[in-house]
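Student: Please show me the model, and then let us go through it by question and answer.

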Amino acid sequence: LQRQQPWSPKSPAHSSVGRKEHILADKAYWNEEIETLPRRELEALQRDRLAAHLQLAYAKSPYYRGAFDAAGVKPEDLLTLADLRKFPFTNKQIERERQLVAPLLGDMTAVTEDEVVFISASSGSTGVPTVSPFTAEDFDTWQDIEARLFWMTGIRPSDRYVHALNFTLFVGGPDVIGAQRLGALCIWAGT
């Protein structure tokens with residue numbers, strides 16, 4: 001399934017007459033292909049993507065390999081979405097502990113630090129701040145989801161979006177990029 005491409009002045013549909021109205025402004029969906037999948041196909045897609053994540057985690061993350069082995073599960077045990085309950089879940093305390101095992105990213109990640117292009121962090125208000133690393137693909141996927149969410153709320157290329165959240169490492173800061181992706185005029189007003 002393809003992601004909706006961001007607006008670009010070099011895109012073939014670019015109109016030299018003004019703003020970015022050509023970006024699907026009259027369509028109901030940001031990504032119609034994925035947003036209108038029949039339930040059965042959606043669940044199959046979710047299962048396949050989850051299975052791929054579990055495989056990657058088991059193959060590349062020391063923490064998840066150990067946690068899966070301790071729970072007696074392997075990635076191939078996921079046959080349906082309901083099978084997810086067989087797998088170990090994490091919590092904030094586990095994240096904090098595992099981050100200290102191998103600073104900066106910890107041993108829960110399934111990529112090397114060289115593959116990380118963005119790190120957000122929690123505030124640490126309830127304990128030690130935890131980091132959330134993103135690869136370029138992770139970040140792109142996240143912003144596409146943000147664009148979809150903005151689109152669902154009715155934001156269109158002709159709209160203005162004032163983003164007044166802070167822009168520290170907190171994960172809420174870059175959400176504005178999702179609105180930019182769909183072509184809205186974004187006003188970054190946070191600290």
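Tutor: Helices (H or I, at least four residues) and strands (E, at least two) are DSSP runs, numbered from the N terminus. This is a predicted model, in which local features need pLDDT of at least 70 and side-chain atom pairs count only at pLDDT 80 or more, while totals for chains, interfaces and linings use all residues. Residues are numbered from 1 along each chain as its sequence is written, and side-chain values use heavy atoms, with hydrogens and water left out.

Student: Which pattern does the protein follow, read along the sequence?

Tutor: The protein has six helices and four strands. Read along the sequence, their pattern is α-α-α-α-β-β-α-β-α-β.

Student: Where does pLDDT stay under 50?

Tutor: pLDDT is the predictor's confidence in each residue, from 0 to 100. Its mean over the protein is 85, with 82% of residues at 70 or more. Where pLDDT is low, the predicted coordinates should not be read in detail. The stretch under 50 is residues 6-19.

Student: How many residues has helix α5, and what does it reach from its first C-alpha to its last?

Tutor: The expected span of a helix is 1.5 Å times one less than its number of residues. Helix α5 covers residues 136-152, and its expected span is 24 Å. The helix has 17 residues and reaches 24 Å.

Student: What covers the buried residues of α5?

Tutor: Buried means under 20% relative accessible area, exposed over 50%, and partly exposed in between (1.4 Å probe, protein chains only). The buried residues of α5 include Phe139, Trp142, Phe150 and Trp151. Cover is judged by contact, meaning heavy atoms within 4.5 Å. Among the covering elements are β1 (116-121), β2 (131-135), β3 (160-163) and α6 (176-181).

Student: Which residues make the nonpolar surface patch of about 270 Å²?

Tutor: Like charges are joined within 9 Å, and nonpolar side chains (Val, Leu, Ile, Met, Phe, Trp, Tyr) within 5 Å. Ile145 is in helix α5 and counts as partly exposed because its relative accessibility is 38%. The patch consists of Ile145, Leu149 and Met152.

Student: How many residues apart in sequence are the parts tied together by Glu35 and Arg148?

Tutor: The side chains of Glu35 and Arg148 meet in a salt bridge of 3.9 Å, N to O. Glu35 lies in helix α1 (residues 32-35) and Arg148 in helix α5, so the parts tied together are 113 residues apart.

Student: Which residues does Arg47 touch, not counting those up to four places away in sequence?

Tutor: Arg47 lies in helix α2 (residues 39-60) and, at 28% relative accessibility, counts as partly exposed. The residues touched are Leu78, Leu79, Thr80 and Leu81.

Student: Which peptide bond is cis, with omega near 10 degrees?

Tutor: Most residues other than glycine have a negative phi, and most peptide bonds are trans. Leu104 lies in the loop between α4 (92-101) and β1. The cis bond runs from Pro103 to Leu104.

Definitions and conventions
Patches are made of residues with over 30% relative accessible area and no salt bridge: like charges are joined within 9 Å, nonpolar side chains (Val, Leu, Ile, Met, Phe, Trp, Tyr) within 5 Å. Accessible areas come from the Shrake-Rupley method with a 1.4 Å probe; for residues, only the protein chains shown count as cover. A salt bridge is a side-chain nitrogen of Lys or Arg within 4 Å of a carboxyl oxygen of Asp or Glu.
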